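Biologist: I am new to this structure and would like to learn how its features are read, one at a time. Could we look at it together?

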Amino acid sequence: MTNEALIRTLKELKKRALLIIPTDPSEIELKKTDTKFGGAPYAETGDKCPVCAACGEKLTFVFQFRDNYDMDLKPSGPLHVFYYCFGCMPIETADEGQWLVKTYKNPESAKFVETSPNETMEIVPSGVTLKRDFVVPAFDFMCELNSEVYDLCAELSPDDPHTAYEEAAKAAGAIAPVCSSMGGYQAVVQALAAQDCPHCSKDMDFFVQIQSEEDINLMWGDLGVLYLFKCHADGSFGMEMQCY
Ligand SMILES: [Zn+2]
Ligand SMILES: [Zn+2]
């Protein structure tokens with residue numbers, strides 16, 4: 001494989017993704033329905049903070065996000081509010097209980113009520129900067145996905161194959177991101193994550209990945225990643241967490 005073939009391969013592999021980057025908490029005034037980490041989760045009249053099915057403690061609010069973001073990054077569709085039990089630390093399950101995605105069809109600031117989730121993991125409330133970009137898989141995952149790409153980068157630059165890969169990705173008009181994202185490729189920690197829907201048994205789509213974000217005190221084990229999957233038939237969510 002030549003360098004040109006490498007770039008061509010990466011052009012074929014590149015996918016659109018929405019990159020999700022936490023912003024400096026001091027710089028923004030968060031709205032109730034915003035895409036955000038930590039702070040007050042969106043909730044409506046009658047809601048109580050959800051409780052862990054295993055240990056009975058309140059779940060911790062981690063992240064809330066909308067179903068869609070258009071090309072101008074304007075959010076639309078249902079709001080999904082993601083909770084997790086950092087006491088039990090569930091790893092992989094489509095069955096909610098130790099984690100939960102609560103979905104609101106018509107979120108409005110006027111309907112917001114305050115609930116008080118667990119704060120075992122004191123996530124620093126933070127808004128996000130959204131960015132659309134073309135992405136390619138992480139280099140470390142290429143040995144599994146396309147070993148020719150992996151071998152060529154190692155050949156081009158034995159000391160620093162990562163940089164050779166990143167340069168080829170750039171030439172292909174893409175990046176290999178290490179941030180949280182919606183869509184694109186999974187930042188693989190151990191192996192490709194996949195979940196079947198608990199309701200219809202079909203494969204769920206990879207929907208969102210949430211990276212460990214040290215700056216806002218959000219950690220999945222030792223710098224792990226949490227993946228959420230969504231069933232395109234009935235909208236159910238599945239979860240898998242991987243760490244080192
Ligand atoms: Zn628990
Ligand atoms: Zn389903």
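Modeller: An axis is a line fitted to C-alpha atoms, for helices over the stretch in contact, and the angle runs from 0 to 180 degrees between N-to-C directions. Helices (H or I, at least four residues) and strands (E, at least two) are DSSP runs, numbered from the N terminus. Residues are numbered from 1 along each chain as its sequence is written, while chains are lettered from A and ligands numbered from 1 in the order in which they are written. In a predicted model such as this, local features need pLDDT of at least 70, and side-chain atom pairs count only at pLDDT 80 or more, whereas totals for chains, interfaces and linings use all residues.

Biologist: Which classes of residue make up the contact of α1 with α4?

Modeller: Ala, Val, Leu, Ile, Met, Phe, Trp, Tyr, Cys and Pro count as nonpolar, Asp, Glu, Lys and Arg as charged, and the others, Gly among them, as polar. By that scheme the contact of α1 with α4 has 6 nonpolar residues, 1 polar and no charged.

Biologist: Is Ala 169 buried or exposed?

Modeller: A residue is buried if 20 or more other C-beta atoms lie within 10 Å of its own, exposed if 12 or fewer, and partly exposed in between, with the C-beta atoms placed from the backbone. Ala 169, in helix α4, has 24 other C-beta atoms within 10 Å and is therefore buried. Not counting residues up to four places away in sequence, Ala 169 touches Leu 10, Val 136, Ala 174, Ile 175 and Ala 176. Ala 169 and Pro 125, which are 44 residues apart in sequence, lie 33 Å apart in space, C-alpha to C-alpha.

Biologist: At what angle do α3 and α4 pack?

Modeller: Helix α3 (residues 147–156) and helix α4 (residues 161–171) pack at about 115 degrees, with their axes 8 Å apart, and α3 and α4 are therefore roughly perpendicular to each other. The crossing of α3 and α4 is right-handed. Cys 153, Ala 154 and Leu 156 of α3 meet Pro 161, Ala 164 and Tyr 165 of α4 in this contact, whose residues divide into 6 nonpolar, no polar and no charged.

Biologist: Which residues touch the most other members of the largest nonpolar core?

Modeller: A nonpolar core is a set of buried Ala, Val, Leu, Ile, Met, Phe, Trp, Tyr and Cys residues joined through C-beta atoms within 7 Å. Of the 60 residues in the largest one, Val 62, Phe 82, Tyr 83, Tyr 84 and Leu 228 touch the most other members. Leaving aside neighbours within four places in sequence, Phe 82 is in contact with Val 62, Phe 63, Gln 64, Val 101 and Leu 228. Phe 63 itself is in strand β3 (residues 60–69) and counts as buried, with 27 C-beta neighbours inside 10 Å.

Biologist: Which residues other than glycine have a positive phi here?

Modeller: Most residues other than glycine have a negative phi. Among the exceptions here, Met 89 has a positive phi of about 45 degrees; Met 89 sits in the loop between β4 (75–84) and β5 (92–93) and, with 14 C-beta neighbours inside 10 Å, counts as partly exposed. Leu 223 has a positive phi of about 55 degrees, lies in the loop between β9 (205–211) and β10 (225–230), and is exposed, with 12 other C-beta atoms within 10 Å.

Key:
Parallel < 35°, antiparallel > 145°, perpendicular 65-115°, else oblique. Left-handed = near helix turned anticlockwise from the far one by under 90°. Contact = placed C-beta atoms within 7 Å.
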